[in-house]
Amino acid sequence: MRRLGHLVADTVAQHLSTLREQPAYATLNRPDAMRLIDRRAPAQGTDFEALLATLRDDVFPHAAREPHPGFIAYVPSCPTFPAVLGDWLATGFNFFAGVWPVAAGPNEIELVVLDWFRQWLGMPESAGGLLTSGGSGANLTAMIAARHRATAGDASIIAKLTVYASDQVHSSVTRAAWLAGVPREHVRSLPSDDEFRLRVDTLQDAIARDRALGLTPLMVVASAGTTNTGSVDPMHEIAELCADEDVWMHVDAAYGGFAVLTESGRRALGGIERADSVTLDPHKWLFVPFECGCLLVRDPHRLKAAFQIFPEYLADVQSGHEAVNFADYGEQLTRYSRAVKVWMSVRYFGTDAIRDAIDRGMALARRLEQRVRETPGLEIVSPARFGIVCFRARPAHVDPADLDALNERVLARVVGEGRYFISSTRLRGAFSLRACILGFRTAEEDIDGLVRAVADAAHDLHGAGSAHPTRVAT
Ligand SMILES: Cc1ncc(COP(=O)(O)O)c(C=O)c1O
């Protein structure tokens, strides 16, 4: 075991310490991938070292490198090494963190971690919840709990339920509403304001309209760091409205939540503590590996009311008054102890170091915005908010109708070069390049290099004969 474990540790350490020499992104089409791997489940075993070599040399290279300094697409996940080892400890010991008695120690760690998060957000001491597979799982869990409260066991109400969020809300919220049985046409996607935030006046009107139709408003979802632009919905105003209307206020802070550790993040997230429930995603800005989401609920009994069930074969593990069966708070019975990796990383580094890493990501996003503004032929589509910047090539004299196609080609060129992996989105219908800077390996030189790469690609693809050079101004 020790020898094989050392081989794996060496393989991971070698990978992580040579990331800069590797491409940020690599992939394969399905037919080529099918040829890559022997597809039989063999009757006889195979030497571990040979299997490790197959994975390391033939399989793993065909994937994006999430912790790469140039991985600034989607929402990156850049785990600390202690967090990776914490995950390995949890799986090595294979704790069953679904019920209290069989994993009391690790479950206490989960309660400790949840209480850190609660304190960071400023939620009341009575709040609680659980770690989940990710933000999607957390959003779904909240939606189910809210549905249980709204219907009070009367299934006929489900067809009348409505959910409200801005047109910038993450797709997992929409899907959570669908899965909870909310009719698809009742999931209100409200037009956001100039800064991509939910408008409270529009929200109020939508709720009033639905009540007049005899519908039952179930939940308002405020985004605390939208995936597109990092915008934060006005949480105090939404909290007031939800209190007046007696509607569950959920905050999807999967992307932005841990920015609360920083000065500027705390200011931006003011009001989050008033929510009925909050989704966080430690596998994003808390630097732990996949999978780790979190749901905190102001009144955790609402989770229990929705999820707790007493099968006879679990009678001997019913939690006592003070103990917590996490299986009572969500859909998973068998679950591993995600808390170990969170605890290991936060205890190892301390919150000061984590706050500095988050602050650094936000400073790099501001640098990116500035570099784009300084570079002829590039423009900002949405400025730096948290770690996200949307921008695009806009060479002088280009026909506006050609901008989307040009930027699609710029994206393909830059990603194809391998050094930077950025992604795209559409804002108000316009195709935009999108960078989300989160990883602690990303440096200023990466930001400057990315802007140069985009400007050069735009220059080459728009035609070298363009009268306006698009070389970066740095
Ligand atoms: C704002 C937001 N909410 C929810 C999610 C879904 O989280 P997960 O992918 O961890 O399920 C994401 C993922 O990027 C997100 O950015």
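A word on what is being looked at. This is a predicted model, in which local features need pLDDT of at least 70 and side-chain atom pairs count only at pLDDT 80 or more, while totals for chains, interfaces and linings use all residues. Residues are numbered from 1 along each chain as its sequence is written.

Next comes the sheet. Seven strands form an open sheet with mixed pairing, in the order β1-β7-β6-β5-β4-β2-β3. β1 (128-132) and β3 (187-190) stand at the edges with a single partner strand each, so one side of each has no neighbour in the sheet. From one strand to the next, the twist averages 20°. At one end of that order, β1 pairs with β7 (residues 293-297) over five bridges, in the antiparallel sense. Within this pair, glycine 128 has valine 297 of β7 as its bridge partner. Helix α6 packs on the sheet and touches β1, β2 (161-166), β4 (216-223), β5 (248-252), β6 (277-280) and β7, with its direction at about 25° to that of β7. Here, two residues are in contact if their C-beta atoms, placed from the backbone, lie within 7 Å.

Now for the helix pairs. Two packed helices are described by the angle between their axes and the distance between the axes. (Axes are lines fitted to C-alpha atoms, for helices over the stretch in contact, and angles run from 0 to 180 degrees between N-to-C directions.) Helix α6 (residues 135-151) packs against α7 (residues 171-179) at about 40°, with the axes 9 Å apart. The two helices are therefore oblique to each other. (Angles under 35 degrees count as roughly parallel, over 145 as roughly antiparallel, 65 to 115 as roughly perpendicular and the rest as oblique.) The contact brings together Gly135, Ser136, Asn139, Leu140 and Met143 of α6 with Ser172, Val173, Ala176, Ala177 and Leu179 of α7. By class, these residues are six nonpolar, four polar and no charged. (Ala, Val, Leu, Ile, Met, Phe, Trp, Tyr, Cys and Pro count as nonpolar, Asp, Glu, Lys and Arg as charged, and the others, Gly among them, as polar.)

In the other pair, α8 (residues 200-212) and α9 (residues 235-245) have axes 10 Å apart at an angle of about 15°. That makes α8 roughly parallel to α9. Val200, Leu203, Gln204 and Ile207 of α8 meet Glu237, Ile238, Leu241 and Glu245 of α9. Five nonpolar, one polar and two charged residues make up this contact.

The ligand also has its shell: the residues around it include Gly135, Ser136, Ser172, Asp252 and Gly293. (A residue is near a molecule if its C-beta atom, placed from the backbone, lies within 6 Å of it.) The shell divides into three nonpolar, seven polar and two charged residues.

Most residues other than glycine have a negative phi, and most peptide bonds are trans. Asparagine 94, however, has a positive phi near 50°, and lies in the loop between α4 (81-93) and α5 (104-121). A cis peptide bond joins phenylalanine 290 and glutamate 291, with omega about -5°. Glutamate 291 belongs to the loop between β6 and β7.

Methods. Helices (H or I, at least four residues) and strands (E, at least two) are DSSP runs, numbered from the N terminus. Two strands pair if DSSP finds at least two bridges between them.
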